[in-house]
Amino acid sequence: MAPFDFDVLVLGTGPGGQKAAIAAAKLGKRVAVVEKMHMLGGVCINTGTIPSKTLREAVLYLTGLNQRELYGASYRVKEEITVADLGMRTQHVIGREIQVIRSQLGRNHVTMLQGTGRFLDPHTIGITGDVEEKKVTADKIVIATGTSPARPSSVEFDDRTVIDSDAILHLDRVPETLVVVGAGVIGIEYASMFAALGTKVTVVERRDRMLEFCDLEIVEALKYHLRDLAVTFRFGENVAAVERRPRGALTVLESGKKIPADCVMYSAGRQGKTEELCLEAAGLAADDRGRIKVDENYATPVPHIYAVGDVIGFPALAATSMEQGRLAAQHACGEPVAETNELPPIGIYTIPEISFVGKSEDDLTRDKIPFEVGISRYRELARGQIIGDSYGMLKLLVSSEDRRLLGVHVFGTGATELVHIGQTVMGCGGTVDYLVNAVFNYPTLAESYKVAALDAMNKMRVIARLTAEL
């Protein structure tokens, strides 16, 4: 049989695809990536993670929201914030990130193939670009095509009045009123950003609560802050219809309520980008949400084909996708893979942000695992006062039996950074004693670990003392 053109071919250059390609290249393999023109970096860089997090940073800066505790409720850096103000920072960051990815792939001698790839047979990919289809063969193939926003067929999207999370980045003005359908991570992130800009936001969610996988106390704190930014919540409600009007849209709920708004954003989950792949030619199939089934090594039912990132479903985070790409490439190249730590942190970039790692109180209660809670509030920390964050909190869940850390939940400034201290202690099998006895820089937000650890330890001491009196 003729040799393959490449040892490893990766479809997609999002976080999973990049790391898979670079990991295989580092192992001395001939590697190529297939990506559409203008989409280097995938959804993560172009329409998803990076633009939305940069937009959030621009909103926080331009609205002066974080400084209002210190300088008063009317404090603003810029009175009239336009879409151009928000987009300038975003385009700058996207441009820089694309340069970094191009440079990394180039340095590692990864061949860039521009166009849309599809399977012609299990080892052959047809790539359609500006000219006729080009065929390339590979020994191992990694699918990292990611996802796109799911668009319910009953809804007429026009990318102006009725939009999804991709189109929201291209609005021509900041809407005065906005309806967000779906209170998942993306829906709540954008709801909080536009609320901070002064948009009157209504969130419609068919379930009874938002962010069900998060700690209830943290979610309640977020809800309180969003209501403070004039966000209205409609839980347990289904959208019956969205009627477009010359000056906006009318969202009609099944309960009969009607909500007028300049703009309606649907956040109805995401769909795997597998339609164009012709998976059947490779002996594969996707489920009804376009996701591909994989084993613990990210191999599909066709052993030489792997799939990583959002296209395989939960948790669908840039951070986990990177790790999946690296591990899949190592397995594909026959490189031993170390046991991975099953403790991925979850970061939700709302305003204020949320991050957690490990179990929640509900998880532990359901599994009948005894635990103690230690809480630290930013308002009690000197650093919290300095930065003007009086609402932030850090919560530790500690095993009552062996004092191990079972979960860390953070709400407020720097939550997505702070959580990694707890993740490290948990990953090393550490106990709350380490945090009690460690010295943290002062004044810092990290000091909240010591305060929360002492809180939990003091509660456990009381129980131990009462138990000893029997």
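Helix 3, residues 49-63, packs against helix 5, residues 83-107, at an angle of about 140°, and their axes are 9 Å apart. That makes helix 3 oblique to helix 5; angles under 35 degrees count as roughly parallel, over 145 as roughly antiparallel, 65 to 115 as roughly perpendicular, and the rest as oblique. Axes here are lines fitted to C-alpha atoms, for helices over the stretch in contact, with angles running from 0 to 180 degrees between N-to-C directions. Helices (H or I, at least four residues) and strands (E, at least two) are DSSP runs, numbered from the N terminus.

Before going on, the source: this is a predicted model, in which local features need pLDDT of at least 70 and side-chain atom pairs count only at pLDDT 80 or more, while totals for chains, interfaces and linings use all residues. Residues are numbered from 1 along each chain as its sequence is written, and side-chain values use heavy atoms, with hydrogens and water left out.

Back to the helices. Which residues meet? From helix 3, Ile50, Pro51, Thr54, Leu55, Glu57, Ala58, Val59, Tyr61 and Leu62 meet Asp85, Leu86, Arg89, Thr90, Val93, Ile94 and Glu97 of helix 5; contact means heavy atoms within 4.5 Å. By class, the contact residues are 10 nonpolar, two polar and four charged. Ala, Val, Leu, Ile, Met, Phe, Trp, Tyr, Cys and Pro count as nonpolar, Asp, Glu, Lys and Arg as charged, and the others, Gly among them, as polar.

Next, the aromatics. The whole structure holds five aromatic pairs. Rings of Phe, Tyr and Trp (its six-membered ring) pair if their centres lie within 6.5 Å; planes under 30 degrees apart count as stacked, over 60 as edge-to-face and the rest as tilted. Tyr71 and Tyr75 have ring centres 5.3 Å apart and planes at 35°, so this pair is tilted. Phe233 and Phe235 have ring centres 5.4 Å apart and planes at 5°, so that pair is stacked.

On accessibility, buried means under 20% relative accessible area, exposed over 50%, and partly exposed in between (1.4 Å probe, protein chains only). Tyr71 is exposed at 55%, and Tyr75 is partly exposed at 30%. Phe233 is buried at 8%, and Phe235 is partly exposed at 22%.

Ser376 sits in strand 20, residues 371-377, and is buried at 0%. Leaving out residues up to four places away in sequence, Ser376 touches Leu381, Gly392, Met393, Leu394, Ser448, Val451 and Ala452. Glu469 lies in the segment after helix 13 (448-468) and is exposed at 62%.
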